[in-house]
Amino acid sequence: MPSFDIVSEVNQVEVRNAVDQANKEVSTRYDFKGSDARIEASDKVLTLFADAEFQLDQVKDILLGKLAKRGVDVRCLDHGKLEKVSGNKVKQAITVREGIETELSKKIVRLIKDSKLKVQASIQGEAVRVSGAKRDILQECIALMRKEITDFPIQFNNFRD
């Protein structure tokens with residue numbers, strides 16, 4: 001029985017490369033001379049530091065540009081709130097979201113059932129497995145998902161006959 005998985009994955013290597021490129025640009029830009037503007041990357045959290053809110057916005061723009069150039073979908077980023085560190089210095093945490101959350105997976109299953117396509121959808125942890133009788137029906141399902149789910153990046157993998 002043909003099947004495929006709906007997942008949400010982020011290439012961590014590309015995220016790390018984008019952070020390195022953004023840090024390099026911030027360190028060489030004239031308007032950041034003498035400031036403590038930087039980006040620190042831990043497991044799935046990027047922390048932006050700057051001397052002022054305006055500089056933090058500039059650092060964020062640089063980071064988002066580098067991520068987009070490297071093919072990382074910026075819709076997977078969850079921006080935290082601004083925090084004052086000391087004096088005028090500010091920081092902001094940005095979480096890189098991976099995997100489909102339970103709420104979104106339930107929405108995907110509901111969309112598939114409401115579409116009246118002859119496929120079965122089941123939640124498999126952080127992925128949704130869709131199986132059907134024919135490949136053509138599965139391809140229609142993929143087209144439907146691409147059209148309906150626009151607020152979160154999803155990929156389709158593990159397509160099997």
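The legends below describe an overall view and several close-up views of one predicted protein model.

Because the model is predicted, local features need pLDDT of at least 70 and side-chain atom pairs count only at pLDDT 80 or more, whereas totals for chains, interfaces and linings use all residues. Residues are numbered from 1 along each chain as its sequence is written, and side-chain values use heavy atoms, with hydrogens and water left out.

**View 1. Overall fold of the protein chain.**
The protein chain has 4 helices and 8 strands, where helices (H or I, at least four residues) and strands (E, at least two) are DSSP runs numbered from the N terminus. Along the sequence, these elements follow the pattern β-α-β-β-α-β-β-α-β-β-α-β. The radius of gyration of the protein chain, taken over C-alpha atoms, is 20 Å, well over the 15 Å that the globule rule (2.2 Å times the number of residues to the power 0.38) gives for 161 residues, so the chain is more spread out than a compact globule. The C-alpha trace spans about 65 × 25 × 25 Å along its principal axes. Of the 161 residues, 38% count as buried, a class that means under 20% relative accessible area, while exposed means over 50% and partly exposed lies in between (1.4 Å probe, protein chains only).

**View 2. The salt bridge between D5 and R129.**
A search of the whole structure finds 11 salt bridges, each defined as a side-chain nitrogen of Lys or Arg within 4 Å of a carboxyl oxygen of Asp or Glu. In one of them, the side chains of D5 and R129 meet with an N to O distance of 2.5 Å. D5 lies in strand β1 (residues 3-7) and R129 in strand β7, so the pair ties together parts that are 124 residues apart in sequence. D5 counts as buried at 10% relative accessibility, whereas R129, at 30%, counts as partly exposed.

**View 3. The salt bridge between R70 and E14.**
The side chains of R70 and E14 meet in a salt bridge with an N to O distance of 2.6 Å. This pair links distant parts of the chain, 56 residues apart, with R70 in the loop between α2 (53-69) and β4 (77-84) and E14 in helix α1 (residues 12-28). R70 is partly exposed, with a relative accessible area of 29%.

**View 4. R38, E40 and their salt-bridge network.**
R38 forms a salt bridge with E40, in which the closest N and O atoms are 3.0 Å apart. Salt bridges that share partners join D36, R38, E40, D51 and K89 into one network. Within this group, R38 counts as partly exposed at 27% relative accessibility, and E40 is also partly exposed, with a relative accessible area of 37%.

**View 5. A negative surface patch.**
D78, E101, E103 and E126 form a negative surface patch; such patches are made of residues with over 30% relative accessible area and no salt bridge, like charges being joined within 9 Å. E126 lies in the loop between β6 (119-124) and β7 (127-132), and E126 is exposed, with a relative accessible area of 54%.

Most residues other than glycine have a negative phi. K116, although not a glycine, has a positive phi of about 65 degrees; K116 is placed in the loop between α3 (102-114) and β6 and is exposed, with a relative accessible area of 71%. Phi of N158 is likewise positive, near 65 degrees, in a residue other than glycine. N158 lies in strand β8 (residues 155-160) and is partly exposed, with a relative accessible area of 29%.

**View 6. Two C-alpha separations.**
L64 lies in helix α2 and counts as partly exposed at 23% relative accessibility. The C-alpha atoms of L64 and V74 are separated by 6.9 Å, the two residues being 10 residues apart along the chain. G34 lies in the loop between α1 and β2 (38-41) and counts as exposed at 84% relative accessibility. G34 and P153 are 37 Å apart in space, C-alpha to C-alpha, and 119 residues apart in sequence.

Key
Patches are made of residues with over 30% relative accessible area and no salt bridge: like charges are joined within 9 Å, nonpolar side chains (Val, Leu, Ile, Met, Phe, Trp, Tyr) within 5 Å. Accessible areas come from the Shrake-Rupley method with a 1.4 Å probe; for residues, only the protein chains shown count as cover. Lys and Arg count as positive and Asp and Glu as negative; His and the chain ends are not counted. The place of a charge is taken as NZ of Lys, CZ of Arg, CG of Asp or CD of Glu.
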